[in-house]
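Keep the sequence and the structure open while you read.

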Amino acid sequence: MTEDYKGRIGNLIRDARKHRGMTQQQLAERLSTSQSAINRIEKGHQNLSLEMLARIGSALDSEIVALGAGPTHLRVTGPTTLSGSIEVKTSKNAGVALLCATLLNRGRTTLRKVARIEEVNRLLEVLDSLGVQTRWLNDDNDLEIVPPAELDLSNIDEEAARRTRSVIMFLGPLLHRSENFELPYAGGCNLGTRTVEPHMSALRPFGLEVKATEGSYHARVENQVAPGRPIVLTERGDTVTENALMAAALHPGTTVIRNASSNYMVQDLCFYLERLGVTVEGIGTTTLTVTGREQIDIDVDYAPAEDPIEAMSLLAAAIVTDSSITIERVPIEFLEIELALLEEMGFQYTRSEEYVALNGHTRLVDISTHPSVLHAPLDKVHPMPFPGLNIDNLPFFAVIAAVANGQTLIHDWVYENRAIYLTDLNKLGGQVKLLDPHRVMVEGPSSFTGTEMMCPPALRPAVVLLLAMLAAKGTSVLRSTYVIHRGYEDLAERLNQLGATIEAFRDI
């Protein structure tokens, strides 16, 4: 029993490390130990104190153990039939980008109905440490942000910064506020990697040069440098586009950004920049023309649109439990490909007439799901940049395919190793075969049975397991669910309002 427990902890640490993009050596350096010790820990051959587990959890931003209260687990009793109505909350990714963008404005920003999630909490801690005043205004999650005359970049909350994946989006706004500054970053984000170098390519035309040493970005800005020609992004990434947009917003000239993402969070950022007096042409396309302002000092009120990924999560919950529910405030323009594919698989639903989100732009509908007999799609399921199938929605098709008749090939070509976590469905009775680090074959239909398992460190696969547990016979336990709270506000409680039986608990 003891050896098995050490092995499970070791597997969790290994998975969390890989998800953070860290090598064993990098984790060892952060913990002031040896690579061989990390190797023993991950193989389950090392006794671990609570203190060491807590240090590992902090280094990996994974709630392996929390001294005191302990990690939160979820106990799910199924199978569940859901009913009733539920509203989609505002976008996590738009909220995160908008919080970073408030650094462009010297005036007060009020953001409406912000998703109250752990990723937002960490960013607020970072902003507070810089001297920004932030406060929740009411139970509707309206948030006020008031910057100081001068940011205190020397006082940045390093622990909070290392626990958010969004701190890199501070580079775009801050390059106009200081000629030299440092930003802590989460382990594994080294210059030259796929996730970081595109940001540097996008921001160098504004005079930014960055060196990464010992866990920090060391930034230096040459103020006389400005884009002399269109900026061509080397990848159509959401956060890369957002960084380029924020840099361009405080450049008083005109900046053309090509191969830009046109995804939902980028559009929300563009709409917010327009409220700040920045001119943005081409919103919703891959070419953005931005005419910035030398200084922005305006009191602004903005409401980000609803989250298409949460909407997809709720659609998947209805499908796998064969339930009739109404999902309100669905941002339909960012789910049209997903719904077309689901229709091809036999999914039946009705939808309302379109209406407009509070941002004045995004098109919304209400969707009512109907019990359906699904079959595998004719072709593989794979993501593409907007308007294609969203990369964050891809994992939900694994659990949907598991209840459909036939074989479904799912190709996650963007992320290394994320597809591996989808094989955890097998522990519940699914039939998911890993073909390589990017592809899985799902055989359906499956009959899920309750079990106990560790929550994977990847957000969407973690929610996929929770949804499968709703459809599973008996009791399931999903342990250490902090990662779900990073991206969803009160998901378990809201599913309970639809008839689910999910209990949050902690070990004594």
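Is S32 buried or exposed? S32 counts as exposed, because its relative accessibility is 68% and exposed means over 50%. This is a predicted model.

**Nonpolar cores**
- The largest nonpolar core holds 150 residues. F170, L273 and I484 have the most contacts inside it.
- Helix α15, residues 459-471, supplies the largest share of this core, with eleven residues.
- F170 touches C100, L103, L123, V126, L127, L130 and L183, leaving aside residues up to four places away in sequence.
- Another core, of 16 residues, lies apart from the largest one. L27, L31, L53 and M454 are among its members.
- In soluble globular proteins, nonpolar side chains tend to be buried together.

**Helix α10**
- Helix α10 covers residues 238-249. At 1.5 Å a residue, its twelve residues should span 16 Å. The end C-alpha atoms are 16 Å apart, so expectation and model agree.
- Ten of the twelve residues of α10 are buried, so the helix is largely enclosed by the rest of the structure.
- The buried residues of α10 are V240, T241, E242, N243, A244, L245, M246, A247, A248 and A249.
- These buried residues pack against helices α5 (92-101), α8 (171-174), α9 (197-203) and α11 (264-275). They also pack against strands β10 (254-258) and β12 (287-291).

**Salt bridges**
- The count of salt bridges comes to 22.
- R363 pairs with E333, with the closest N and O atoms 3.8 Å apart. This pair links distant parts of the chain, 30 residues apart. R363 sits in strand β17 (residues 363-370), and E333 in the loop between β14 (324-331) and α13 (336-344).
- R363 is partly exposed, with a relative accessible area of 28%. E333 counts as buried, at 16%.
- R363 also meets E354 in a salt bridge, at 2.7 Å from N to O. E354 counts as partly exposed, at 39% relative accessibility.
- E452 forms a salt bridge with R479, and their closest N and O atoms are 3.1 Å apart. E452 lies in strand β21 (residues 452-454) and R479 in strand β22 (residues 474-479), so this pair too links distant parts of the chain, 27 residues apart.
- E452 counts as partly exposed, at 42% relative accessibility. R479 counts as buried, at 13%.

**Cis peptide bonds**
- The bond from G78 to P79 is cis, with omega near 0°. P79 is in the loop between β1 (72-78) and β2 (83-87).
- F386 and P387 are also joined by a cis peptide bond, with omega about 15°. P387 is in the loop between β17 and α14 (396-402).

- S32 is not a glycine, yet its phi is positive, at about 55°. S32 is in the loop between α2 (24-31) and α3 (35-42).
- S480 has a positive phi near 60° and is likewise a residue other than glycine. S480 is in the loop between β22 and α16 (482-487).
- S480 counts as buried, because its relative accessibility is 10% and buried means under 20%.

Key. Residues numbered from 1 in each chain as written. Predicted model: local features only at pLDDT ≥ 70, side-chain atom pairs only at ≥ 80, totals over all residues. Heavy atoms only, no water. Core = buried A, V, L, I, M, F, W, Y, C linked by side-chain atoms within 4.5 Å. Buried < 20%, exposed > 50% of the residue type's maximum accessible area, 1.4 Å probe, protein only. Helix = DSSP H or I, 4+ residues; strand = E, 2+ residues; numbered from the N terminus. Contact = heavy atoms within 4.5 Å. Expected span 1.5 Å × (residues − 1). Salt bridge = Lys/Arg side-chain N within 4 Å of Asp/Glu carboxyl O.
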